[in-house]
Amino acid sequence: MDVSTSGPETAGGAHWPSDWLRATLGFLALRALSAGPSYGYAIISELERSGFGTIKGGTLYPLLTRYETAGLVTTEWRAGDGGPGRKYFALTDRGRAELSRLSADWLRFTDLSTHYLDPEGHTKESST
Amino acid sequence: MMHETTDKKWFDELVLELRLRQVHGSAIGDTVASARELLGDTGQRAEEAFGPARVYAAALELPSAPQNEWVRRALWPSLLGLLAFLLFNQAVVSWVRSEQMLVSPAQLALVATPVVRNAVFPARPSEMSFSELGGQISVLVTARPYAVCEVVFASSPDDTASRAGHHLERQAITLGPQAGSF
């Protein structure tokens with residue numbers, strides 16, 4: 001409980017260690033696509049709204065391009081309303097499977113870390 | 001205005017870098033269009049959103065098109081077709097003359113080349129291009145008109161066997177390119 005509220009709360013102004021984002025952005029981006037096909041700016045806005053800070057295009061696009069090569073996402077150009085087209089990314093079945101696998105792994109990892117970081121649990125363990 | 005020119009320089013650098021990496025043209029176009037799309041949405045400058053062009057080009061890890069792709073796609077099927085044509089020609093001539101088809105060791109080696117090639121470098125079904133398949137099918141298609149004219153010449157009573165053979169050879173050569181366009 002303490003851990004989750006000690007982080008920066010204001011969406012957009014969040015500034016997490018870049019290492020953390022590098023490790024988690026992959027499945028966060030997959031999660032952002034789980035609701036349906038989406039495009040670059042919408043994904044960035046969604047992650048920003050969720051409090052992960054502003055992800056740069058130079059980080060997001062290479063990631064999605066690699067996922068496309070790996071068959072986790074497919075892309076499709078759709079005509080915009082009057083303006084230029086947008087490149088939509090959509091999860092494949094493999095992408096969906098990868099998302100649930102990584103989410104489960106991440107949940108186990110954070111449970112472990114939270115448990116380990118909990119001052120009470122730690123002192124009790126080290127005293128015995 | 002300054003905005004535009006610095007972005008133009010960035011995009012020029014990006015395209016140049018991707019070209020140097022031998023990325024396929026359509027992939028370059030896709031990269032440029034998606035970068036423009038995001039810049040249009042965020043109103044950022046290119047360098048600000050994507051970092052240095054060279055670094056971004058490298059980070060995308062786009063596959064480079066193999067340089068000798070045309071050999072596999074164009075040269076090989078046509079060579080195969082030529083080989084089949086020569087073999088068929090020889091076979092027809094000796095069939096019409098009711099002779100045995102003689103094959104020298106060198107010819108046998110030539111004919112065996114595709115078999116050996118397929119055994120050594122087995123093409124996976126996904127890799128087998130349509131043009132390669134097409135090349136092999138066109139060999140079968142070219143074979144058919146010859147089969148027809150064989151029947152015609154063989155059944156025409158006026159011609160002697162040797163004349164028929166001579167005609168057939170000429171006919172085969174004139175028919176060749178037409179049949180290939182099937």
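1. Helices here are DSSP runs of H or I with at least four residues, numbered from the N terminus. On that basis chain B of this predicted model reads α-α-α-α-α-α-α-α along its sequence, with eight helices and zero strands.

2. Of the 182 residues in chain B, 27% count as buried. Contacts between residues 24 or more positions apart make up 72% of those in chain B with a separation of 6 or more. The accessible surface of chain B is about 12100 Å², and carbon and sulfur atoms account for 64% of that surface.

3. Chain A and chain B bury about 1400 Å² between them, with 56% of this area on carbon and sulfur atoms. On the chain A side, 37% of the area buried against chain B comes from Y41(A), Y61(A) and W77(A), more than from any other three residues. The contact draws 15 residues from chain A and 15 residues from chain B.

4. Three salt bridges are found across the interface of chain A and chain B. One of them joins the side chains of R86(A) and D41(B), at 2.6 Å from N to O.

5. Within chain A, the elements α3 (40–49), α4 (57–69) and β3 (86–91) each supply at least two residues to the side that touches chain B. The most come from α4(A), which gives six residues. By type, that side of chain A comprises six nonpolar, five polar and four charged residues.

Definitions and conventions
Residues numbered from 1 in each chain as written. Chains lettered and ligands numbered in written order. Predicted model: local features only at pLDDT ≥ 70, side-chain atom pairs only at ≥ 80, totals over all residues. Heavy atoms only, no water. Contact = heavy atoms within 4.5 Å. Buried area = accessible area lost by both parts, 1.4 Å probe. Salt bridge = Lys/Arg side-chain N within 4 Å of Asp/Glu carboxyl O. Nonpolar A, V, L, I, M, F, W, Y, C, P; charged D, E, K, R; others polar. Buried < 20%, exposed > 50% of the residue type's maximum accessible area, 1.4 Å probe, protein only. Areas by Shrake-Rupley, 256 points an atom, 1.4 Å probe, with all protein chains shown as cover.
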